[in-house]
Amino acid sequence: MREVINISLPSTMAKAVKSAVKTGSYSSTSEFFRHLLREWQENRLLGELNQSRLEIASGQGKVLKSLKSLK
């Protein structure tokens with residue numbers, strides 16, 4: 001199911017989005033923002049993974065012996 005979300009942008013940002021769509025980088029404004037959100041989600045996940053790696057490397061991480069250890 002999709003949901004409509006309206007946003008307000010400064011004119012310079014709106015022009016940049018419209019330009020990206022017009023030049024064919026994205027097929028629509030919605031696609032532009034979906035791509036942006038996917039990248040944001042991936043970056044958050046990468047940050048969490050990197051933090052976990054640092055914790056494990058410093059001996060602070062928890063090593064799971066099984067999935068039951070997650071509880």
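1. Terms first. A residue is called buried under 20% relative accessible area, exposed over 50%, and partly exposed in between (1.4 Å probe, protein chains only). By that scale E48 is partly exposed, with a relative accessible area of 47%. E48 sits in helix α2.

2. Basis. This is a predicted model, in which local features need pLDDT of at least 70 and side-chain atom pairs count only at pLDDT 80 or more, while totals for chains, interfaces and linings use all residues. Residues are numbered from 1 along each chain as its sequence is written, and side-chain values use heavy atoms, with hydrogens and water left out.

3. Overall form. The chain has a radius of gyration of 19 Å, whereas a compact globule of 71 residues would have one near 11 Å. The radius is taken over C-alpha atoms, and the globule rule is 2.2 Å times the number of residues to the power 0.38. Along its principal axes the C-alpha trace spans about 50 × 30 × 20 Å. Of the 71 residues, 6% count as buried. The accessible surface is about 6800 Å², and 56% of that belongs to carbon and sulfur atoms. Areas come from the Shrake-Rupley method with a 1.4 Å probe; for residues, only the protein chains shown count as cover.

4. Secondary structure. The chain holds two helices and zero strands. Both terms refer to DSSP runs, numbered from the N terminus: helices are H or I, at least four residues, and strands are E, at least two.

5. Helix α1. M13 belongs to this helix, which covers residues 11-22. Its twelve residues should span 16 Å at 1.5 Å a residue, and the end C-alpha atoms are 16 Å apart, which agrees. The expected span is 1.5 Å times one less than the number of residues. Just after α1, G24 has a positive phi of about 90°.

6. Helix α2. This helix takes in residues 29-57, 29 residues in total. From first C-alpha to last it reaches 42 Å, close to the 42 Å expected at 1.5 Å a residue. G59 follows α2 and has a positive phi, near 85°.

7. Distances from α2. T29 lies in α2 and is partly exposed at 39% relative accessibility. T29 and A14 are 15 residues apart along the chain, with their C-alpha atoms separated by 9.7 Å. E48 and V4 are 44 residues apart in sequence and 29 Å apart in space, C-alpha to C-alpha.

8. Rings of Phe, Tyr and Trp (its six-membered ring) pair if their centres lie within 6.5 Å; planes under 30 degrees apart are stacked, over 60 edge-to-face, and the rest tilted. This rule gives two aromatic pairs. The Y26 and F32 rings have centres 5.1 Å apart and planes at 80°, so this pair is edge-to-face. F32 and F33 also form an edge-to-face pair, 5.1 Å centre to centre with 80° between the planes. Together Y26, F32 and F33 make one aromatic cluster. Y26 is buried at 16% relative accessibility. F32 is buried, with a relative accessible area of 16%. F33 is partly exposed at 22%.

9. Surface patch. I5, I7, L9 and M13 make a nonpolar surface patch of about 400 Å². Patch residues have over 30% relative accessible area and no salt bridge; like charges are joined within 9 Å, nonpolar side chains (Val, Leu, Ile, Met, Phe, Trp, Tyr) within 5 Å. A salt bridge is a side-chain nitrogen of Lys or Arg within 4 Å of a carboxyl oxygen of Asp or Glu. M13 itself is partly exposed, with a relative accessible area of 48%.
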